[in-house]
Amino acid sequence: VCAGQLVAPGAVTTGGGGRRRSGGYVRVKGPPAGFFVAGSSIAALNGVYERITDEADLHGFAESLNIDPASMLRWGYCHDSSEWAMINVRIPASGEKAYTPVGGGSFEWIFLDSTGRHRFGHDGLPLIPGSGTNWEHLHRSSTGRPASDADGLGSEPDAYGNASNQSSWTDGGGAIAIAQDDETELPWQLIGITHAHMVHQMRERKWSHDRHVFSA
């Protein structure tokens, strides 16, 4: 049913044609309509992300993240229920918003939690990022700068997977607990969805599944 709609990681490159390649994958010319993400131990990260296509919505979304919608934000995707987001940004070469992205290039894929903090990063050149350890834990403020005490660190991750810094938080008694980056938090399955109607179908299936689980 999903053949030709779901695109495997690495199967898409910029400027690709529209024909089917050996192996059954499809090249597309632009960013996918959405993503299906699974396999992370952070429940709020898993699910369906839909691309923001309305210009006014995209502009407001960029401003809420302190990102220049004209020069920095390339594409933005919203999770269907958890308020997490997935963005592809162009990194300025200089200035107060410049920083070194994952992969060292000019573009970066970023997962943001519902507070807007950068959580995971990936080289931003591929139209569809990979999964698992292709992603890296990030320890930044919402501006992209390295996180520091001035950014309000020291809070334990909440039930939605939000945390100001994944490496340290107070244990409630004033002591600082140190933890290594946990690979189980990474998105171990990431699938690009090429058509908007398929994104909607997957959202409906997920909602139906969630209702069934909650009512069981």
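Colleague: Are Phe 35 and Trp 109 buried or exposed?
Modeller: This is a predicted model, in which local features need pLDDT of at least 70 and side-chain atom pairs count only at pLDDT 80 or more, while totals for chains, interfaces and linings use all residues. Residues are numbered from 1 along each chain as its sequence is written, and side-chain values use heavy atoms, with hydrogens and water left out. With a 1.4 Å probe and protein chains only, buried means under 20% relative accessible area, exposed over 50%, and partly exposed in between. By that criterion Phe 35 and Trp 109 are both buried.

Colleague: How many aromatic pairs are there?
Modeller: Rings of Phe, Tyr and Trp (its six-membered ring) pair if their centres lie within 6.5 Å, with planes under 30 degrees apart counted as stacked, over 60 as edge-to-face and the rest as tilted. Under this rule the aromatic pairs number six.

Colleague: Which class does the pair of Phe 35 and Trp 109 fall into?
Modeller: The ring centres of Phe 35 and Trp 109 are 5.5 Å apart and their planes stand at 85°, so the pair is edge-to-face.  Phe 35 belongs to strand β2 (residues 34–38) and Trp 109 to strand β6 (residues 107–112), strands being DSSP runs of E with at least two residues, so the pair ties together parts 74 residues apart in sequence. The class asked for is edge-to-face.

Colleague: Which class does the pair of Trp 75 and Trp 109 fall into?
Modeller: Trp 75 lies in strand β4 (residues 73–79) and Trp 109 in strand β6, so this pair ties together parts 34 residues apart in sequence. With 5.8 Å centre to centre and 35° between the planes, the pair is tilted.

How values were computed. Helices (H or I, at least four residues) and strands (E, at least two) are DSSP runs, numbered from the N terminus.
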